[in-house]
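Me: I would like to learn how to read a sheet and a helix in a model such as this one, taking one feature at a time. Could we start with the sheet?

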Amino acid sequence: MTAAAAGQPQGGAVAAPAAPVLEASDNYKSSPRWRKRTKQLATLGPASSSFEMIEKLFLAGSDVFRLNFSHGEHAQKKELLDIIRQVEAKYEHPIAVLGDLQGPKLRTGTFANPQGELLQAGQIFRFDLDETPGTNERVLLPHPEIIEASEVGHVLLIDDGKVKLEIVGKGPGYLDCLVVVPGMIKDRKGVNTPDSILEISCLTPKDREDLNYMLSIGVDWVALSFVQRPEDIVEIKRLIMEYNPIDAFPPHIMAKIEKPSCFFGDSLTQIVDLCDGIMVARGDLGVECLPEDVPILQKIIIDECRSQGKPVVVATQMLESMIESPTPTRAEASDAATAIYDGADAIMLSAESAAGMYPEESVLMQQRIINRVEGDPHYSQYLQGNRPKITDGSSASAIILAARQVARNVNAKCIATFTVGGDTARKASMKRPEQPILAISPLIETCRHLAMSWGVYPEHCPENNLNTDNFRDMLWVACEIGLKKGLVTDDKDLLVVTAGFPFGTPGAANIIRVIPGK
């Protein structure tokens with residue numbers, strides 16, 4: 001068959017995915033966008049700042065939108081958040097907003113030569129605290145904490161690892177280094193310290209201002225950069241308690257794993273335990289760790305998150321070539337698929353959706369990869385072979401385990417759970433059931449938090465629409481919402497419904513019912 005006959009352009013190039021043309025009046029809930037379990041994050045930026053584009057990204061598959069506070073003004077972020085809330089209202093579907101803090105930026109000083117200096121392999125180069133412009137022999141390192149924490153034998157990486165140096169000597173206020181990987185070093189290039197834990201806060205004064213602003217506008221998740229140890233999560237939790245407006249719903253915390261120190265001892269286990277979600281930030285992680293180690297670390301992080309029931313996002317360079325190309329490379333498609341097979345709750349786009357030429361197409365491509373993987377029998381086998389055990393012994397956990405088994409035995413179309421804080425829905429997601437999880441909550445904030453969790457279809461049902469004293473009425477609400485979301489379509493379709501009484505008590509799931517969908 002020729003390329004033309006196969007529906008491909010001549011020359012073997014794969015045609016760009018057709019963007020969905022869907023209006024609010026269409027039965028958009030029947031599209032593949034609403035049949036996926038793995039969630040999608042899209043970063044917003046210059047290429048995706050209008051209502052029209054954000055709506056397109058949502059319809060193409062985005063469940064969460066990321067606001068990168070490394071760039072742009074506060075007012076711009078508020079405008080984007082307002083647009084997201086408009087899209088949310090138009091489609092009556094909860095959308096999460098993640099605010100991403102920049103974190104500390106460790107950089108060299110400046111050089112006398114504006115072109116920088118070329119370092120040769122084998123030469124000795126000094127970093128010190130002298131503010132005199134640098135030469136081919138030395139330069140300012142305006143971070144005494146790096147000098148303090150570094151030891152002979154430690155490695156310093158400059159400009160995302162383009163230049164590698166090994167510390168061979170140390171004195172008061174300076175480090176002498178052997179150039180291992182030569183290259184050009186220029187003004188204010190980034191410095192990575194893969195072997196050291198720095199005695200600095202992961203929150204800069206700018207981050208504290210940005211965090212305060214995030215809380216004032218009501219983001220749903222806060223991503224913390226430069227996490228080195230569990231104490232960093234404790235610090236941001238304390239600040240959120242101090243800064244959060246009175247009676248405001250606190251955001252969930254997502255720790256970005258990008259430092260090797262997160263894997264020292266039991267640090268990763270503690271970090272996952274303390275936060276609400278994890279991002280595998282493969283950019284900096286790939287600079288500070290060996291390239292061949294990153295896929296293994298990705299699996300370690302995902303497994304730890306799954307064992308603790310915390311959402312995990314795989315990010316960075318997912319479909320990098322789609323910044324300028326309408327289609328990804330085959331390696332990129334395989335990379336995205338691998339994250340899904342590994343059991344990630346979500347995969348993320350950065351520059352692809354924020355500043356690329358094809359933001360809508362890149363989101364749609366991710367959605368296509370997700371649906372293709374989730375339709376593969378191997379995917380179900382992998383999930384079944386790696387289901388974490390819920391060992392807390394609570395009645396809520398027992399109900400969730402029973403609901404999954406019952407849903408499988410009766411071939412139910414979905415598991416519906418009534419939840420206030422979202423714990424029951426997250427436990428259901430943790431077990432990766434074959435059926436979608438319909439999470440019904442009177443709190444819109446809970447629904448937005450659950451937009452990050454694998455397999456969960458959150459639905460906001462205001463408390464005045466829920467007769468929580470009458471379980472029969474709640475069952476009717478579950479059926480109505482299941483029909484609305486297209487999860488049940490036939491009289492013979494069954495739902496497995498869980499709830500807890502008294503309603504609103506955390507972890508009180510104690511009822512399970514099997515009901516027809518209509």
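Me: In what order do the strands of the open sheet of five strands run?

Reply: Strands of a sheet pair through backbone hydrogen bonds, either parallel or antiparallel. In this predicted model, the open sheet of five strands has the order E19-E18-E17-E20-E21, and its pairing is mixed. Strand E19 (456–460) and strand E21 (509–516) stand at the edges with a single partner strand each, so one side of each has no neighbour in the sheet. On average, neighbouring strands of this sheet are turned by 20° against each other, direction ignored.

Me: In which sense do strands E17 and E20 pair, and over how many bridges?

Reply: Strand E17 (residues 414–418) pairs with strand E20 (residues 494–500) in the parallel sense, over four bridges, and the bridge partner of Cys414 in E20 is Leu495. Helix H13 (residues 395–409) packs on the sheet, where it touches E17, E20 and E21, and its direction makes about 20° with that of E21.

Me: Which residues of helix H6 are buried, and what covers them?

Reply: An α-helix has 3.6 residues a turn, so residues three or four places apart point the same way. In helix H6 (residues 267–274), the buried residues are Ser267, Leu268, Ile271 and Val272. They lie on the same side of H6, because they cover an arc of only 130° around the axis. Among the elements that cover the buried residues of H6 are helix H5 (230–243), strand E13 (252–257), strand E14 (277–281) and helix H8 (294–308).

Key
Residues numbered from 1 in each chain as written. Predicted model: local features only at pLDDT ≥ 70, side-chain atom pairs only at ≥ 80, totals over all residues. Heavy atoms only, no water. Buried < 20%, exposed > 50% of the residue type's maximum accessible area, 1.4 Å probe, protein only. Helix = DSSP H or I, 4+ residues; strand = E, 2+ residues; numbered from the N terminus. Arc of directions from axis to C-beta. Contact = heavy atoms within 4.5 Å. Pairing = 2+ DSSP bridges. Axes fitted to C-alpha atoms, helices over the stretch in contact; angles between N-to-C directions.
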